[in-house]
Structures are given as structure tokens and as C-alpha cells.
Amino acid sequence: MFDSLSERLSVTIKNLRGQARLTEENIGDALREVRLALLEADVALPVVRDFTKAVRERALGHDVLQSLTPGQALIKVVHDELVRTMGATDEGLALNVKPPAVILVAGLQGSGKTTTVGKLARWLKERTGKKVMVVSCDIYRPAAIDQLQTVARQVGADFHPSDSSQRPVDIAQGALVQARTQFKDVLIVDTAGRLHVDADMMSEVQQLHAALSPAETLFVVDSMTGQDAALSAQAFNDALPLTGVVLTKVDGDARGGAALSVRHITGKPIKFIGTGEKTGALEAFHPERIASRILGMGDVLTLVEDAQRNVDKNQAERLARKLQAGKSFNFEDLRAQLEQMRSMGGVAGLLDKLPGMGMPQNFKAQHGERDVTRMIAIIDSMTRKERRAPDLIKGSRKRRIAAGSGTQIQDVNRLLKQQTQMRKMMKKFSKGGMQKMMRGMKGRLPPGMPF
């Protein structure tokens, strides 16, 4: 997400770094590039106008003009305006009501609404420890109810059964009674989608809203539709009081226009973003962190949170003890590390959150993921003995492994070389090399680091 916008902004700011001072002229040149970058990202025109106007006014202020580092000064201004445009504060779910708190989820057909209900149920269970029930009021789309039942089973949420012969309001009220009886904390109600915002859809959702008095009313929208996402959210908000928006499919959206337009046009906060197809691919929306990603400054906080949730601590401790005992880092260890990387969003997800990576557009999404998949396939084609003793892999074994994994011998050779390099690095770290390296970096690390 934001790949094209990040590239354009980074080039614009890099050009300013060669300037001795910020002037009205070079700020004007930079803002023309910023305006083009935003328009190419499919940001709504009113948002572009207000954004560039605000940046210009602040950039021409005394503090920025007198700055010894004009590029950094402008980065700060652009960062602050990005945060303001997307919402100055993090807005979580307001579930401090008498349980069960009802979350009403609506959206256009094909926006990923039902999948989002499942992701949200998992997020609430894992992050907040809530007991969650889900129910489908979509009596029109074939297999919609069955789809939600399958998703609920995957995420471990309770499912309230419904039938296409029932009225949506009756389904929702029955689910509310059951959720209350079973002492559930949250009831998530999935509503019917339409191909466009129409009167029938609004009438039905309004009836559900009146019957349930939900604590949260979330509009799920496909971020790949760009500024149309914000416009459809606005049309929905005109008929029903939204409390927030969920942007889906942001992993496939290189532009990011929806994220920059929704808050400005609707006045409603983005509360979550869907970052992939898996049920765990849902992130709370933090405007400041997203602004940092756009400007290539990374998102280390989210990366640390991902690591805390997804990294198998027992496995990491076993590897540490193994290395300290003088044993070698083998292909079984490497495969485990690759799977850990996948659980944290893969190469693309990691690089997106690391500051200053400067990867070309599409590299992260294509090259990195392809390499990880190929490496795992090669390791899976090895015997257990080969995985544990890589030095055994010579000519005929290489040919067999390449044929079994659908790769070339050159790919096997490359992986063997990488494993050898990692083994040497791990050996150095096990002898205190990591501590020495970190001590050498002291003063360049964030405060509070233990080295």
C-alpha cells in the first residue's frame, strides 16, 4: 500500500535536501510534485487541495524557512498533515456498553465484508479476550450464511444459525437474545451487500440499526476503488450514523487514495485495515504509523507488536540454546525462521514496516515472496538427514532436490550459499558477536535498548 505515493514523495524530498534553504519557489516546485503524487494515488480532489494548501502555509512559516535542514523540515510538515488528514488520533472500538455490545457491519457486495466479520471476531478474541458471536442477515446472496459459518469455525467464534426464509430483523433479534443468554461480550452482525448504494439496502440496514442500537456501525469498503471508496462511505453515512470505516484489500492497493480520502470526506475514522486474505490479516488503523510508512520512515511499533504476537518464543529459545551449545544452524532451523516471517506478513509486510528500505515498486510484493516460497519448496524436497547436515548435499543430491522442488540447480546452490552465510553469522552471534555489534551501535539506537 502507498508504494507509488511513497516513491514520488521520497524523490521530491530528496531533491529538497540539496537546497540550502526553503524558499517560496522551491516549496512551490515540491508541492506541485506532491499534488501530482496525490492525484496519481487517486486521492479525492478536495482532499488534495486542502492538503497542499495546509502544507504550503506551514512550510512558509518562520520555523521551517529558518531551518538548517529544509528537507527534514518539510518531511515533518508533510507527516503532520498526513496524520491530520487521516485522523489525528487512534480511534478504537467503543464497546464499553452493557454486553453484548453489537457491531453492525455493512458494505457493498464484493468488498470483503463477510471475511472482515471473521477477521474482526478473531481480532477481538486474541487482542481483547472477548467472547464473540457472529450472525449473518444476508438472505439474498447464495451461500452467504454458509460462508460466515465456515469463517466463524476457522476463527473460533460462536455462530448463530439463520435461514434465507427469515426476515433480517428477526434473525438479528434472535441472535441478540442468544448472545445475551450465553453471556457473550460482542455480537457481530453481517448484513446484506449490494452492487451499489440503493434505497432498499438503506431501508433494511436502517431497520436493523433501529432494532439493535449497535455500539459500532462499521462500513467495509474495498480500498482498491480509490476515492470511490470514500464517496460510497459518504452516501452510506448520509442514511445511517456510521461510527467508522474498515478498508479491505490494502495489500493489493499500491495507491492508497482511499485511506487519505475517507476521513476528510466522511468525517468518520478508519478503524481497521485488511492486509491480506488470512483471518489474522487485520490491523488497527494508526494514522501516525501509516503516515510514517508513506514517507519511508517505517512502522517499527507495529513490527514489534507483530513479533510479540506471532514469533514462537519457545522455538526461539530452543534455537538460542542450540547455538550456544555449539550446534550448527541447519535447514530445519532456516525453514522455521521462514515460516515465522510468513506469519508476520511475509517479506513484503516486514520491508513495508522497516524504515528507509527504499525498495522499488512491486519488488516487495513479488520478488521477496517468490523467493521465500522457492526456498521453502527446496528445503521440503530434502530428506531429514540432508536438512540436518547440509554438507551432505552434493552433485546427485542437488539434482534430485531441484527436480523435486521444480527449481534449477542454481537455485539450490544459491540456497546452500545463503545457509552457509547464515550459519557463520549465527555462530558469531552465539559467541557474543551480537552484543558486540549492538554495543558498537549504541548512540544510534532508540533510547531504552538493553545494549
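User: What makes Asp380 and Arg335 a salt bridge?

Analyst: Happy to walk through it, with the note that this is a predicted model. The side chains of Asp380 and Arg335 meet at 2.6 Å, N to O. The cut-off is 4 Å between a side-chain nitrogen of Lys or Arg and a carboxyl oxygen of Asp or Glu, so the pair qualifies. The two residues belong to distant parts of the chain, 45 residues apart: Asp380 in helix 17 (residues 363–380) and Arg335 in helix 15 (residues 331–343).

User: Why are Asp380 and Arg335 called partly exposed?

Analyst: Asp380 has a relative accessible area of 42%, and Arg335 has 25%. Partly exposed covers what lies between under 20% (buried) and over 50% (exposed), so that is the class for Asp380 and for Arg335.

User: How do you know that Glu81 and Arg58 form a salt bridge?

Analyst: By the distance again: their side chains come to 3.8 Å, N to O, and the limit is 4 Å, so the pair counts. Glu81 sits in helix 5 (residues 70–86) and Arg58 in helix 3 (residues 45–59), so the bridge ties together parts that are 23 residues apart in sequence. The two also belong to a network of salt bridges that links Arg58, Asp80, Glu81 and Arg84. The structure holds 14 salt bridges.

User: Is Glu81 buried or exposed, and what about Arg58?

Analyst: Glu81 has a relative accessible area of 5%, which is under 20%, so Glu81 is buried. Arg58 comes out at 37% and counts as partly exposed.

User: What makes Asp170 and Arg167 a salt bridge?

Analyst: Their closest N and O atoms are 3.0 Å apart, and the cut-off is 4 Å, so they meet it. Asp170 is partly exposed at 36% relative accessible area, and Arg167 is partly exposed too, at 47%.

User: Why is Thr407 called buried, and where is it found?

Analyst: Thr407 is in the loop between helix 19 (395–405) and helix 20 (409–440). Its relative accessibility is 13%, which is under 20%, so Thr407 counts as buried. Leaving aside neighbours within four places in sequence, Thr407 is in contact with Arg374, Ile378, Ala402 and Val412.

User: What makes the Thr407 and Ser405 pair a polar contact?

Analyst: The two side chains come to 2.8 Å.

User: Why is strand 2 called mostly covered?

Analyst: Five of the five residues of strand 2 (residues 132–136) are buried. Both faces are covered: Val132, Val134 and Ser136 lie on one side, with Met133 and Val135 on the other. In a regular strand the side chains alternate between the two faces of the sheet.

User: How do you know that strand 2 pairs with strand 4 and with strand 3?

Analyst: Pairing needs at least two bridges. Strand 2 and strand 4 (residues 186–190) have five, in the parallel sense, so they pair; Ser136 has Asp190 as its bridge partner in strand 4. Strand 2 and strand 3 (residues 158–160) have three, also parallel, so they pair as well. There, Val134 is partnered by Phe159.

User: Which residues have the most contacts inside the largest nonpolar core?

Analyst: That core has 61 residues, and those with the most contacts inside it are Leu82, Met86, Leu187, Val189, Phe236 and Leu247. Apart from it lies another core, of 26 residues, including Ala101 and Leu148. In soluble globular proteins, nonpolar side chains tend to be buried together. Across the 451 residues of the protein, 48% count as buried.

How values were computed
Residues numbered from 1 in each chain as written. Predicted model: local features only at pLDDT ≥ 70, side-chain atom pairs only at ≥ 80, totals over all residues. Heavy atoms only, no water. Core = buried A, V, L, I, M, F, W, Y, C linked by side-chain atoms within 4.5 Å. Buried < 20%, exposed > 50% of the residue type's maximum accessible area, 1.4 Å probe, protein only. Helix = DSSP H or I, 4+ residues; strand = E, 2+ residues; numbered from the N terminus. Polar contact = N/O pair within 3.5 Å; in protein donor to acceptor, adjacent residues only side chain to side chain. Contact = heavy atoms within 4.5 Å.
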